[in-house]
Structures are given as C-alpha cells and as structure tokens.
Amino acid sequence: MNFRFLLILLLAILTLLGWTFVHHQYLSSRQARLEQIAELPVYVYMNEPARLDSLFYQLKHEVPEIDSLVRETGLQAAEELLQSYPDLGIPANAQQELPNILTLWFKPSDAAFRGREKVLQILTAKGLKAEDVDSQELAWGHARQELDALSSRWSNSTLFVALVVFLMLVYARLFLYLSDAAANRGMRATVLESIRAGEAAKWQNGLLIVVPVLVSFGLYHLLLALDVLGQQLHWSFFAVQFASVLAAVLVSVLINSMREPERQETRGITVSTPPNA
C-alpha cells in the first residue's frame, strides 16, 4: 500500500465527511422551518359546548399528526384577551356572547400538512362554515412553498455533489493505475509479481469502497450518540454515498482493463560483422 493511495483514501474520507456535514446542515434548516409550522395553530369557533367536546375527541383519535388540542370557553378567551390587552375594554355582556374556541397545534413534521388537510375535511363534514375556522391558509401555503423550494434545491445539489465525488474518485484511481504502469515500464514482471500486483489492486479497490463510507457512517453515529448532533440522517443518504464510491471504482477498473498492455522490450546482444569479413 503506497503513499499515493493513502492520500487518495484520506481525500475520499474527508470528502464524504464534508458531504455528510452539509447534508446534516440541510436537515437542520428544514427542521427549523418545520418548527415554525408548529407555531401556526388552527382555530375553530363554536357556540355549542357539546359539539365542541365531540369534535375534540374525534380529532384527538382520528388525526395523529395533531400535537395538542386546547378547549376554551368564550369567557376564558375574553379573560385572556383582557390580561394581554387591558385597554381593550370588552363589555361584560359581550364576554358572555363570545364563542368557544378549539385550538389545534400540529407536530413539527412533513405529516403536519396531511394532518391539517384531514382536519379541514372533518370540519367541513361537520358543517362548519369558513368564518368558523381560522386555518391560516396563507401562512401554511407560504411554509409549504419554502419547504418545496428547499427540497428542490437540495435534490439538485445532491446530484451535483454525487457527480463530483464520482469523477474525483475515477480520476484518482486511474492516476494510481497509470502511476504503477509508469513505474514498471520496461520491466518484465514474473507471474508471481503479476499475481501480487493484482491482489494489491483488489485490496486497494476494496478499501476505497468500504473505508470512506464506513468512517462517514461511524463518525456521524458516534457524534449522534454523544449528543453532539441532534438530527439523525436516513440510511438512504449513506447508501447514495456508497453507490457513488462503488460506481467510481468500478468505472475506473473498467477503463483500466481497456487500456492496451505495455509492450515489453527485449534486450538482446546484437552481433555485427564487417562487410569485407
């Protein structure tokens, strides 16, 4: 195992570690946007307490994407408004006429959008009008657009990074093949030496395929276990890294096998005789 191969192996490890870090930053940014969704509740206004209680238990059991539900009477809502805005001056008779409020908070995940749509379908089936529901349609729509744009940009970036890793490793592995061929140019190798060279190349290819991805996977989960990182990556990300490295090594092996073998020079003794001999 020569020094050049160790440098290429180290380069591959550092490249995959950098790729993993960037992907972790993307997931952290996406999770931060999902946390903002959790701060966008849906409000339901109803005058009948019995219907409100029935809706409360139905949503609690049928929509697992809901994080919490809070019931408030009109009087409780008026008291909270007066505490927050003491100068509001709500008359006592108006406080009694305020509707009951059901507040729905969703979990900070992509499933929150599906859960919100299911809630709106249930409310429509219950006969609630649009003015009885504050769904914050504009805020949720804007959040959905931001997440879709972020996912689209990241998908394109992932393809670009995978291509860069692929090309880098292909050229690096071919450089090793050509370096070994240049070092042995003009030398006739024995059968044993050829076998040893082939075995060494197989070991190098195996290490180049396994070690970088294994280090990336192991170091990330070690930091995760030590609570240094808080966002867990899906296994498919490391599968993409492995596929990129594997494809690069296989392509480099294929290209090298298509290269014409070096012609071995035969060094013999040339005997010349004078023309008049």
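Q: Leaving aside neighbours within four places in sequence, which residues is Val170 in contact with?
A: This is a predicted model, so keep that in mind. In it, Val170 is in contact with Ala248, Val251 and Ser252.

Q: Where does Val170 lie?
A: Val170 lies in helix α6.

Q: Is Val170 buried or exposed?
A: Val170 counts as buried, because its relative accessibility is 6% and the cut-off for buried is under 20%.

Q: What separates the C-alpha atoms of Val170 and Val253?
A: A distance of 8.9 Å. Along the chain, Val170 and Val253 are 83 residues apart.

Q: New topic. Which residues form a nonpolar patch on the surface?
A: The patch is made of Val215, Leu219, Leu222, Leu226 and Val228. Together they have about 430 Å² of accessible area.

Q: Take Leu219. Which helix does it lie in?
A: Leu219 is part of helix α7.

Q: And why does Leu219 count as partly exposed?
A: Because its relative accessibility is 36%.

Q: Backbone angles now. What is phi for Asp227?
A: Phi of Asp227 is near 65°. That is a positive value, and Asp227 is not a glycine.

Q: Where does Asp227 lie?
A: In the loop between α7 (191-225) and α8 (235-257). Asp227 counts as exposed, because its relative accessibility is 66%.

Q: What about phi of Gln136?
A: Gln136 has a positive phi too, of about 50°, and is not a glycine. Gln136 sits in the loop between β4 (133-134) and α6 (137-183).

Q: How does Gln136 count, by accessibility?
A: Gln136 counts as partly exposed, because its relative accessibility is 23%.

Note on methods
Residues numbered from 1 in each chain as written. Predicted model: local features only at pLDDT ≥ 70, side-chain atom pairs only at ≥ 80, totals over all residues. Heavy atoms only, no water. Helix = DSSP H or I, 4+ residues; strand = E, 2+ residues; numbered from the N terminus. Buried < 20%, exposed > 50% of the residue type's maximum accessible area, 1.4 Å probe, protein only. Patch = residues over 30% accessible without salt bridge, like charges linked within 9 Å, V, L, I, M, F, W, Y side chains within 5 Å. Areas by Shrake-Rupley, 256 points an atom, 1.4 Å probe, with all protein chains shown as cover. Salt bridge = Lys/Arg side-chain N within 4 Å of Asp/Glu carboxyl O. Contact = heavy atoms within 4.5 Å.
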